[in-house]
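This briefing describes the fold and the charged contacts of one protein model. The sequence and structure are shown first, and the notes follow by topic.

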Amino acid sequence: MNIQKFIFSPFQENTFVIWDEVTKDTCIIDPGCYNSNEEETLKKFIESNELNVKYLINTHCHIDHIFGNSFVKTEFNPIFLAPEYDVPLLKMAIEQGKQFGIKVNPSSKPDDFIEETNTINIGNIELQFIFTPGHTPGEYCIYNKTANCCFTGDVLFR
């Protein structure tokens, strides 16, 4: 499993791109690209590595993790997965941004919802979902057993 981390937005949010080296199938986790420069950085990385974006996943739906949802969905047309319990956060993103004095573009709507019983494959990489509510009502961690790698969004634990 290949992993590239980007730090985007005034919140310094971690956006992850993971891909299978053989198939070039790719998943973008928590696209926090806030402006056109950050969007271009992500796009250039995807294009220069000839990646095929299959999934867009939000671990949770606070604004710093969804800034780039519409861009990624429009640019690459992946399947968009998000926690169902966090849909109200997606719908309130513009208002949430106003609380911080920043402009937020509306997010695309999820194509489907994350559930613990689901697994997805990015080429030969299997991703599992672990329900970890608390930071938001619907937060999930994304786990790959083979690499012993877990993408935790904003979940902090010992």
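A salt bridge is a side-chain nitrogen of Lys or Arg within 4 Å of a carboxyl oxygen of Asp or Glu. The model is predicted: local features need pLDDT of at least 70, side-chain atom pairs count only at pLDDT 80 or more, and totals for chains, interfaces and linings use all residues. Residues are numbered from 1 along each chain as its sequence is written, and side-chain values use heavy atoms, with hydrogens and water left out. Three salt bridges are present in the structure.

- An open sheet is built from six strands in the order 1-2-3-4-5-6, with mixed pairing; helices (H or I, at least four residues) and strands (E, at least two) are DSSP runs, numbered from the N terminus.
- Strand 1 (2-8) and strand 6 are the edge strands, each pairing on one side only, where pairing requires that DSSP finds at least two bridges between two strands.
- Strand 5 (residues 79-82) and strand 6 run parallel and are joined by two bridges.
- Ala82 has Phe113 of strand 6 as its bridge partner.

**Helices on the sheet**

- Helix 1 lies across strand 1, strand 2 (13-19), strand 3 (25-29) and strand 4 (52-57), and runs at about 165° to strand 1; contact means heavy atoms within 4.5 Å.
- Helix 3 lies across strand 3, strand 4 and strand 5, at about 150° to strand 4; axes are lines fitted to C-alpha atoms, for helices over the stretch in contact, and angles run from 0 to 180 degrees between N-to-C directions.

**Helix 1 with helix 3**

- The axes of helix 1 and helix 3 come within 11 Å of each other and cross at roughly 35°.
- This crossing of helix 1 and helix 3 is right-handed, meaning that the near helix is turned clockwise from the far one by less than a right angle.
- Helix 1 contributes Glu39, Leu42, Lys43 and Ile46 to the contact, and helix 3 contributes Phe71, Val72, Glu75 and Phe76.
- Five of the contact residues are nonpolar, none is polar and three are charged; Ala, Val, Leu, Ile, Met, Phe, Trp, Tyr, Cys and Pro count as nonpolar, Asp, Glu, Lys and Arg as charged, and the others, Gly among them, as polar.

**Salt bridges**

- Glu75 and Lys43 form a salt bridge, with their closest N and O atoms 3.2 Å apart.
- Glu75 lies in helix 3 (residues 69-76) and Lys43 in helix 1 (residues 36-48), so this pair ties together parts that are 32 residues apart in sequence.
- Glu75 is partly exposed, with a relative accessible area of 33%; buried means under 20% relative accessible area, exposed over 50%, and partly exposed in between (1.4 Å probe, protein chains only).
- Lys73 and Asp111 meet through their side chains in a salt bridge (2.6 Å, N to O).
- This pair links distant parts of the chain, 38 residues apart: Lys73 is in helix 3, and Asp111 is in the loop between helix 5 (93-100) and strand 6 (112-113).
- Lys73 is buried at 16% relative accessible area, whereas Asp111 is partly exposed at 44%.
- Lys24 and Glu21 form a salt bridge through their side chains (3.6 Å, N to O).
- Glu21 is partly exposed, with a relative accessible area of 47%.

**Positive phi in loops**

- Lys24 sits in the loop between strand 2 and strand 3 and has a positive phi of about 70°, although it is not a glycine.
- Lys24 is partly exposed, at 23% relative accessibility.
- Ser9, in the loop between strand 1 and strand 2, has a positive phi near 75° and is likewise a residue other than glycine.
- Ser9 is buried, with a relative accessible area of 5%.
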